[in-house]
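Please walk through this protein chain with me, from the whole fold down to one helix.

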Amino acid sequence: GEFEYLGRIDEQVKIRGHRIELADIESNLAKHPAVDHCAVVVVHQTQSLPEDEVLHCIRCGLPSNYPDTDFDKNGVCHLCTAFDTYKEKVERYFKNDAELLRILTSKRGGHRDVLNHKAVVHPKQAPAAVDPRQNPKYDCISLLSGGKDSTYVLARLVDLGLNVLAFTLDNGYISEQAKANIARIVRQLGVDHVYGETPHMNEIFVDSLHRHHNVCNGCFKTIYTLSTQIALEKGIPFIVTGLSRGQFFETRLTEELFWDDTTDTEKIDHTILEARKRYHREPDAVRDLLDVSAFEDDILFEKVQFVDFYRYSDVSLEEMLAFLDEKIGWIRPTDTGRSTNCLINQVGIYVHKREEGYSNYAFPYSWDVRLGHKKRQESLEEINETIDENEVQRIMEEIGYDRSEKDGPQNEKLVAYFMGNPNVAVKELKNFLAQKLPPYMIPQFFKHLEELPLTRNGKVDKQGLKHLNSVQLNMDTPYVAPRNDIEELLEGIWKEVLQLKKVGVRDDFIALGGHSLAAIRVTARLNGELETEFPLNKVFEYPSIAEYATYIAQTLTSMLER
């Protein structure tokens with residue numbers, strides 16, 4: 001005597017108040033001469049968890065809206081639980097001040113009295129012509145943003161008796177108070193200082209926002225590129241970064257690097273160096289707009305080496321702030337929010353929260369807590385800072401960030417898959433449908449397939465078609481499912497690392513969001529599964545699953561034939 005409503009068995013959907021028959025769109029699209037068969041589906045975009053429903057790990061503060069976060073019954077996140085198993089190995093990776101000093105003075109000609117800043121030539125050494133690459137005026141470049149972390153780095157390098165050139169990128173949004181801090185600090189420390197800039201900074205910001213949903217990726221790469229040019233010009237052998245230990249796990253380190261019981265730090269360093277080479281060669285606005293030709297030659301990475309200061313210095317946030325207050329006179333700017341130097345940083349946080357559903361600082365800050373640099377409450381205060389949306393909107397307009405598709409949530413999108421001529425223009429298909437259908441029935445995406453996936457009953461598998469994200473839908477390559485065991489293995493690894501529901505064997509690794517850190521994870525997991533030692537660069541040399549799987553099959557076959 002009771003009826004339970006399970007839903008409709010037809011294909012009528014409701015999008016933004018309009019009732020739409022998907023079959024109606026399909027029948028009209030199928031009339032285009034370039035279309036043989038087609039299927040239209042509604043893709044539901046993942047909605048972010050409301051702020052008042054977000055939970056935080058009781059140890060590190062990682063929010064529950066971070067992708068694939070899992071908490072145990074005690075409220076401890078999966079990253080903390082996993083870290084308990086390899087914490088001791090991670091500690092072996094970090095060094096001390098003495099090792100840092102040894103590295104940064106290793107390119108000096110002859111022995112040097114570090115404490116008194118005097119060069120000492122041994123009696124048996126004959127005078128020789130000065131080669132600036134062997135006897136540079138500066139031991140290193142220190143990347144100075146004006147923020148607390150980079151200011152502490154510069155002060156400590158000077159304390160160690162090093163000759164330092166401070167470099168700051170003026171990205172157009174360094175606050176006046178931060179600039180005043182910089183001027184006062186370099187004068188007080190007695191170090192030379194240079195500003196770097198590029199007229200292309202806004203384009204780089206926009207590219208970073210579209211590509212990474214933050215401004216930091218583009219900004220960091222610009223800093224590394226311009227500072228490397230100066231290092232080459234002046235023969236400076238080292239560039240010292242102020243990345244926090246939490247940022248190491250965002251940009252350098254992954255759990256996979258510590259799977260090996262021996263934890264060979266030299267092997268980790270080699271892997272990170274190979275990843276850095278790929279990082280500087282990845283296609284983006286920096287590569288298109290700046291001179292990055294020097295990075296194409298591996299010799300550069302011998303001439304100029306990047307050194308992460310906080311790998312060698314373990315200091316808490318509380319200790320750092322006390323040092324800066326007592327010895328340096330650093331003043332936190334009041335015009336930049338919780339950022340300590342940059343006005344545009346809030347734009348990156350705002351866009352990342354809107355597009356990804358969580359703060360882009362959630363992950364590195366959780367690691368800062370896990371590694372003892374910050375307290376949990378300090379991290380939460382920074383992650384949950386209030387964003388000035390009016391100022392964000394103003395800056396986005398100022399730099400030319402097109403947010404036309406981002407104004408107002410559109411969590412449902414029409415996607416048309418079709419078989420037929422792969423060269424037909426999307427605009428042509430849209431114009432064709434526009435003559436027959438109202439605007440709200442025109443699909444936002446059109447994706448060519450070699451064949452439509454079918455269910456066991458022989459019907460089009462529309463559920464499977466809903467799993468491609470917007471990046472994949474915009475790719476020129478058609479979706480092709482894995483066809484053998486190796487391709488299925490690679491798809492599983494790529495889905496987990498790149499956080500995707502589905503990957504076609506012809507999709508490009510970099511276009512999917514694959515970067516140097518993701519390459520480390522993919523390679524480590526693949527080597528673990530197959531018990532091999534495939535090099536890191538192969539995922540970039542063979543950037544699709546189809547190409548990589550062919551290489552793997554050929555390599556394994558040749559190994560068996562030996």
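The paragraphs below go from overall figures to a sheet and then to a helix.

This is a predicted model, in which local features need pLDDT of at least 70, side-chain atom pairs count only at pLDDT 80 or more, and totals for chains, interfaces and linings use all residues. Residues are numbered from 1 along each chain as its sequence is written, and side-chain values use heavy atoms, with hydrogens and water left out.

Start with the whole chain. It has 23 helices and 12 strands; these are DSSP runs, H or I of at least four residues for helices and E of at least two for strands, numbered from the N terminus. Of its 562 residues, 51% count as buried, meaning under 20% relative accessible area, with exposed over 50% and partly exposed in between (1.4 Å probe, protein chains only). A contact means heavy atoms within 4.5 Å. Among contacts with a separation of 6 or more, 73% join residues 24 or more positions apart. The chain exposes about 28200 Å², and carbon and sulfur atoms supply 48% of that area (Shrake-Rupley method, 1.4 Å probe).

Now take a sheet. Three strands form an open sheet in the order S3-S11-S12, with mixed pairing. Strands S3 (35–44) and S12 (445–448) are its edges, each pairing on one side only. The twist averages 25° from one strand to the next. Pairing requires at least two DSSP bridges between two strands. S3 and S11 (residues 412–420) are antiparallel over 9 bridges. There, Ala39 has Tyr417 of S11 as its bridge partner.

Two helices lie across S3, S11 and S12. Helix H1 (residues 22–29) runs at about 150° to S3. Helix H17 (residues 426–434) runs at about 120° to S12. Axes here are lines fitted to C-alpha atoms, for helices over the stretch in contact, and angles run from 0 to 180 degrees between N-to-C directions.

Which residues of H5 are buried? They are Ala178, Asn181, Ile182, Ile185, Val186 and Leu189. Because they cover an arc of only 115° around the axis, they sit on the same side of H5; the arc is that of the directions from the helix axis to the C-beta atoms. An α-helix has 3.6 residues a turn, so residues three or four places apart point the same way. The face turned away from the buried side of H5 carries the exposed residues Glu176 and Arg187.

What covers the buried residues of H5? The cover includes helix H4 (148–159), strand S7 (164–169), strand S8 (192–196) and helix H12 (317–328). After H5 comes Gly190, with a positive phi near 70°.
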